[in-house]
There are 2 protein chains.
Amino acid sequence: MRALVIGGDGYCGWATALYLSERGYEVGIVDSLVRRHWDLQLGVDTLTPIAPIQHRVARWKELTGRSMDLYIGDITDYPFLQETMKRFAPDAIVHFGEQRSAPFSMIDREHAVLTQVNNIVGTLNLLYAIRELCPECHLVKLGTMGEYGTPNIDIEEGYITVQHNGREDRLPYPKQPGSYYHLSKVHDSHNIHFACKIWGVRATDLNQGVVYGVLTDQTALDDILVNRLDYDGVFGTALNRFCIQAAIGYPLTVYGTGGQKRSFLDIRDTVRCIEIAIANPAEKGEFRVFNQFTEQFNIMELAQMVKHVGAGIGLRVEIQHLENPRVEKEEHYYNAKNTQLRSLGLVPHCLSDSLLDSLVHFAIRYKDRVDKTQILPQVTWR
Amino acid sequence: MRALVIGGDGYCGWATALYLSERGYEVGIVDSLVRRHWDLQLGVDTLTPIAPIQHRVARWKELTGRSMDLYIGDITDYPFLQETMKRFAPDAIVHFGEQRSAPFSMIDREHAVLTQVNNIVGTLNLLYAIRELCPECHLVKLGTMGEYGTPNIDIEEGYITVQHNGREDRLPYPKQPGSYYHLSKVHDSHNIHFACKIWGVRATDLNQGVVYGVLTDQTALDDILVNRLDYDGVFGTALNRFCIQAAIGYPLTVYGTGGQKRSFLDIRDTVRCIEIAIANPAEKGEFRVFNQFTEQFNIMELAQMVKHVGAGIGLRVEIQHLENPRVEKEEHYYNAKNTQLRSLGLVPHCLSDSLLDSLVHFAIRYKDRVDKTQILPQVTWR
């Protein structure tokens, strides 16, 4: 089975490409490498020194004998996408190839427009390419749990059955995203749903929670295969950033009260969820939505866990509440469903002291690379 | 009070600009004139010969003494938009400035991408310009009833209160749009809602039904002020197109069974609804949604009415069922609410034989301009 991983040079994409390759899939990687360019523009960098994608792919081949096809280009360039689809002929497309940072999208008008145009046009192009060149191909699209926002009712998986004035319908779950980035994912979901309806595209929208961790069995094999790990105010996400802050003796930066509750998963579960989605494709014309996370925490709970683990290894970890740069509820109801991936075989890696301990130790190994001036949030929603 | 009408050279925009000017508003018109360019590209034309916008504005001044400011440019060009906003300093912005045809958006990938990028970027630019230059300004944005699709429950105005697992919330009404154009309006709605939340923008989203009719008290004053009237397969909409078909002895083209039920309003009510929205601005931070229509019909009902009126003036009108070029339900539940504009003072012009009679006679006057090769739908959804 042939799986094309778009955004295969990124944090989730690289781990997924290696995992699928290891599991016997024929893997193609598509990446424009623009994320590395944005890092340069913003003056930020991954904690870990990541090798060029060409070296990564070559090293994987040396170590395992498994080769992966590499297509450097941008899916917003339709002729490039057509040529890639013709040459690789995928059975499944895993689409990580989007601008994925909420703060990046909120920097200014230009970044908001860049994010929405890049993500929407890339996904529209993919839908047209599937229709034109491989209509049976299964699109596995990365969405985000942030599409739902924080409604005062349970969050279902993509759809909700509504009773109203004596009638009933199963409708798309209402979306209340919290940034221009999250909005772009909502727009994608609506566009894909429509393409499934009119063209019979088979698609799975994976509304993923916040991913933490860095090592998978594959990326841990060799330094050249190491994954990126972001800690800066633009691309760094809560739990990974806390572990790095603990490692370097920087206070854990909690935005507001820290009562914001979100969904989380280990990167080892991300790669497994992708495999489950590919191995169990959506029906023709089906727009299937899975909520891809394993546990829910609020931000203060995570900070306390990291502080506790840090104390266990002799680190003095402080927690600092910053004025919240985002516009979001800090105390709210939150209860999301995630039964579908479990019922298809996902066995979660739950968050544990030992995972946090190893992540902090991993961060300590690279702590001399940290640029402390990049940690605080500099982008505000207002 | 100063009202900037974006898309003021278009069918609804031109009628609105004149109406507001007549009612004593200081009116500015913004238009890129790209719609006239698209007509040229597609080889289609309005039934009525419309004067250049500069002549239209000059004639209005001659006849009424009222001047309107004219800004020729594209709101996707941010420096142009900034300059326009600074010079005109609007109290209200009426935003008609979008690609507004479903078939146009479905021509091919390029037109889908053009529609979504044009509409989304224009609206994002407006939101940033309001935030930057006139944060108190009221944005009156044209959406469409097509954002809702045809759910099996009543369609509310923008929001729905959902009970679920013993809890309750008022949520954005779920959207199931039926073309890449309709999707672009859904994307706009989500983006505007977010801007209201984070920046305190005041906005009214007018989910308008299908507009019919051509004359308003103002556009009827003079031939130079005449409004456009589209009958072609791309820009022509159901009822207007039927009247023109009756006038020239062309069968009324009903797509599929004609059981598709939709919301409609007279263009004289469009202009009044805009005035009502402007005169009763949304609160700071409020994303207000009105359903802007007066009556609901299915397509066969409209065809039968036109056939009946045609017979009364000696025209032999046939009804022809075409294979439906769209993907849509032809038999379905449809019941939409429209109480808010009524409660603010809208007194509808209901569809009548006399309106249809005058519309058919109006079409007869221009019937030599009809290009019959442009009537049939040439764009299919599949």
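**Close-up views of a predicted two-chain model**

**Figure 1. A:Thr16 in helix α1.** A:Thr16 lies in helix α1 of chain A, which spans residues 11-22. The model shown here and in the following views is predicted. With a relative accessible area of 0%, A:Thr16 is buried, since buried means under 20%. Its side chain reaches the backbone oxygen of A:Cys12 at a distance of 2.7 Å. When neighbours within four places in sequence are left aside, A:Thr16 is in contact with A:Phe96, A:Thr270, A:Val271 and A:Ile274.

**Figure 2. A:Val306 in helix α10.** Helix α10 of chain A, residues 299-312, holds A:Val306. The relative accessible area of A:Val306 is 1%, so this residue counts as buried. Not counting residues up to four places away in sequence, A:Val306 touches A:Leu239, A:Phe242, A:Cys243, A:Ala246 and A:Leu252, and also A:Val317 and A:Leu356. A:Gln245 is 61 residues from A:Val306 in sequence, and the C-alpha atoms of the two are 9.6 Å apart in space.

**Figure 3. B:Thr294 in a loop of chain B.** B:Thr294 sits in the loop between β12 and β13 of chain B, where β13 covers residues 295-298. Is B:Thr294 buried or exposed? Its relative accessible area is 11%, and B:Thr294 is therefore buried, the limit being under 20%. Residues up to four places away in sequence aside, B:Thr294 touches B:Phe264, B:Leu265 and B:Asp269, together with B:Asn338, B:Leu346, B:Pro348 and B:His349.

**Figure 4. The largest cavity.** Six cavities of 30 Å³ or more are present in the structure. The largest cavity has a volume of about 170 Å³. It is lined by 18 residues, of which A:Pro172, A:Tyr173, A:Lys175, A:His190 and B:Lys175 are the closest to its centre. Two or more lining residues come from each of α7 (180-199), β8 (202-208) and β12 (287-292) of chain A. The largest share, three residues, is given by α7(A). By residue class, the lining of the largest cavity consists of nine nonpolar, six polar and three charged residues.

**Figure 5. The second largest cavity.** The second largest cavity holds about 100 Å³ of space. Its lining is made up of B:Gly158, B:Tyr159, B:Pro172, B:Tyr173, B:Lys175, B:Ser189, B:His190, B:His193, B:Asp205, B:Asn207, B:Phe287 and B:Val289. In chain B, α7 (180-199), β8 (202-208) and β12 (287-292) are the elements that give two or more residues to this lining. Three residues, the largest share, come from α7(B). The lining of the second largest cavity divides into five nonpolar, five polar and two charged residues.

Figure 6. The same surface serves both copies, as 100% of the contact residues of chain A recur in chain B.

How values were computed: Residues are numbered from 1 along each chain as its sequence is written. Chains are lettered from A and ligands numbered from 1 in the order in which they are written. This is a predicted model: local features need pLDDT of at least 70, side-chain atom pairs count only at pLDDT 80 or more; totals for chains, interfaces and linings use all residues. Side-chain values use heavy atoms; hydrogens and water are left out. Contact means heavy atoms within 4.5 Å. On a 1 Å grid over the protein atoms alone, a cavity is a set of points where a 1.4 Å probe fits but cannot get out, and a pocket is an open set with protein on both sides within 12 Å along at least five of seven lines; lining residues have an atom within 4 Å of a point. Grid points are joined across faces, edges and corners, and a volume is the space filled by probe spheres set on the points. Helices (H or I, at least four residues) and strands (E, at least two) are DSSP runs, numbered from the N terminus. Ala, Val, Leu, Ile, Met, Phe, Trp, Tyr, Cys and Pro count as nonpolar, Asp, Glu, Lys and Arg as charged, and the others, Gly among them, as polar. Buried means under 20% relative accessible area, exposed over 50%, partly exposed in between (1.4 Å probe, protein chains only). A polar contact is a pair of N or O atoms within 3.5 Å; within protein, one must be able to donate a hydrogen and the other to accept it, and residues adjacent in sequence count only if both atoms are side-chain atoms.
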